Amino acid sequence: MLAVLKKDLILLISNKRELIFMLFYIPFLIFTVDSYDPKMLYFTIIVTFAYFTSLSSFYHDIDGKGKYILNSLPITARRIVLYKYASIFFHLVISIVYAGIYLWIINLAGITIVDYFNIEMIFKAIPIVMLIISIIFPAYILFEPRIAQIINMLVFLGFLIGMVNLGALGEKSFIKMIGIFQGNSLTYLAIIMYLLSLLLSMVLYQKKDL
Amino acid sequence: MKYILEVNQLKKEFKDFKLDSISFKLEPGYIMGFIGPNGAGKSTTIKLIMNLLKKDGGEIKVFGKDHIKHEKEIKDRIGFVYDQNYYYEDLTINQMRNIVASFYSKWDDKQFNHYMSQFNLNPKSKIRTLSRGMKMKFSLAIALSHHADLIIMDEPTSGLDPVFRREILDILYDIIQDENKSIFFSTHITTDLEKIADYITFINDGKIVFSQSKDKILESYAIVKGGPELLDDSTRKKFLGLRETKFGFEGLTDDLDLFKRNFGDRVLIERASLEDIMVYSVRG
């Protein structure tokens, strides 16, 4: 597990495209998103970062060139999938730390006042990331990259539309009406989806020709 | 463990290609060359051995163990070299080494550094800046730095100049001095194999043509040359492959005595190279 995490971390800090995204995405959101609840900005940043970094690492090793290297190393296909699913929590931690430091500096510089640590939003972000990943990861194993990318785009668009809907309409938004963020139902759903998705991905990946 | 690698009745079917129940074995302490034209099934076989492709039937045993049931343990003892660079191009040699080293139980930094200096590779160089030959050397350094007992290589020498190729062959020859290690490598540069291989497995169109010791193969086959007047329909059928011009013919046979008996001094008999055997067998 540590070897896979180490690999993900080395790749993350060496990938210029991801570093540029990480650098400019926060100011972009701060100055463009006008939310009814400032906490949602923090939530959106964490979810997007964790989602993009997890997906990038997954794509590298499951569908990209890296799959040949990883699969010729002493690690089984089941373990690769298991570690990839487990590593989303590692990516969540990195996102929380990174967003925290970045937003804290923005606060300190007096550019704008934003949340740089909000435990409530972190707990809401975790099941959302788990849900998104539960759909996207098996799609990348099961389908051609182009189809998987379309599914990925649709899921992410769904998330963004939800956030825009919530930001613009607040209590009257569709998200509030269906009560996604109320109670524990979202957490239970995320756990079930995550486990089912993990099992499905393990089976699919073990049978997949690279 | 009698064999380091055993492939029995291995099958794999694609839409337009079929690996048709192939079998071969490799003992510890030997180099086996895996030859065949492009698209014959060499890379498919190697990917099946590495479990990168899933077999449709048959059995693969590495170090006497099933290659799927004992995948992790087996891969820990295999050094694998691809036909092209799959390493992350944005990383430096050192970063890539850090990633790969964490997976192996017997990773040896001293050995890796030894190969880095032998190959004149700078650990701070980004992989994308390396030439094809340098990338191959880096792959080889990775494959040789965890005390692997079996080295599997897919076309390691293709696209490399003769000096690089000879250097790689010399290294492989050194490795094989340890009687417990074996090397299995695919190539279509048959002259490389004539220098170092002990066994040759020839695959064509998804079927094994032969898998034998190199010396036996080179003894069994011969090139027969003669004038056009010697050829008739029945003689033509006795060749494994034949090339005819208006001045004469040149053909491959594995029944030398037959031609000696029938034509005596009227034909010229020459030793067949592996390339001759491959070319004539494929063309027919």
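Predicted model: local features only at pLDDT ≥ 70, side-chain atom pairs only at ≥ 80, totals over all residues.

Q: Who stands opposite Lys225(B) in β13(B)?

A: That's Glu250(B). Strands here are DSSP runs of E with at least two residues, helices are runs of H or I with at least four, and both are numbered from the N terminus. Two strands pair if DSSP finds at least two bridges between them.

Q: And how many bridges between β12(B) and β13(B)?

A: Also 5 bridges, in the antiparallel sense, with β12 covering residues 241-245 of chain B. Gly241(B) has Leu252(B) as its bridge partner in β13(B). A hairpin of 2 residues connects β12(B) to β13(B).

Q: What's the strand order in that sheet?

A: β12-β13-β11-β14 in chain B, an open sheet of 4 strands with antiparallel pairing. β12 and β14 (268-271) of chain B are at the edges with a single partner strand each, so one side of each has no neighbour in the sheet. From one strand to the next, the twist averages 15 degrees.

Q: Which strands does helix α10 of chain B lie across?

A: β11, β13 and β14 of chain B. The helix spans residues 256-263 and runs at about 25 degrees to β11(B). Angles run from 0 to 180 degrees between N-to-C directions, and axes are lines fitted to C-alpha atoms, for helices over the stretch in contact.

Q: There's another open sheet in chain B with 4 strands, so what's the order there?

A: β2-β1-β4-β5, with antiparallel pairing. The edges are β2 (18-26) and β5 (65-66) of chain B, each with a single partner strand, so one side of each is left without a neighbour in the sheet. β4 (residues 57-62) of chain B runs antiparallel to β5(B), with 2 bridges joining them. Val62(B) is opposite Lys65(B) there.

Q: How is chain B divided into domains?

A: Domain 1 is 5-213 and domain 2 is 221-283, with bounds that come from an automatic or database domain assignment. Their centres, taken over C-alpha atoms, are separated by 35 Å. The contact takes 9 residues from domain 1 of chain B and 6 residues from domain 2 of chain B, where contact means C-beta atoms, placed from the backbone, within 7 Å. On the domain 1 side, α7 (190-196) and β9 (199-204) of chain B are the elements that give two or more residues. That side has 6 nonpolar, 2 polar and 1 charged residues. Ala, Val, Leu, Ile, Met, Phe, Trp, Tyr, Cys and Pro count as nonpolar, Asp, Glu, Lys and Arg as charged, and the others, Gly among them, as polar.

Q: Switching to chain A: at what angle do α5(A) and α6(A) pack?

A: About 140 degrees, with axes 11 Å apart; α5 is residues 77-108 and α6 is residues 119-142. That makes α5(A) oblique to α6(A): under 35 degrees counts as roughly parallel, over 145 as roughly antiparallel, 65 to 115 as roughly perpendicular and the rest as oblique.

Q: Which residues meet between α5(A) and α6(A)?

A: Tyr85(A), Ile88(A), Leu92(A) and Ile96(A) in α5(A) meet a set in α6(A) that includes Ile122(A), Ile126(A) and Phe137(A). The contact has 9 nonpolar, no polar and no charged residues.

Q: And how far apart are the axes of α6(A) and α9(A)?

A: 8 Å, at an angle of about 20 degrees, with α9 being residues 185-207 of chain A. α6(A) and α9(A) are therefore roughly parallel to each other. Among the contact residues are Phe137(A) of α6(A) and Tyr194(A) of α9(A). By class, that contact has 14 nonpolar, 4 polar and no charged residues.

Q: Last one: how many residues does the contact take from chain A and from chain B?

A: 21 residues from chain A and 22 residues from chain B. On the chain A side, α1(A) gives the most, with 7 residues. That side divides into 10 nonpolar, 6 polar and 5 charged.

How values were computed
Residues numbered from 1 in each chain as written. Chains lettered and ligands numbered in written order. Contact = placed C-beta atoms within 7 Å.
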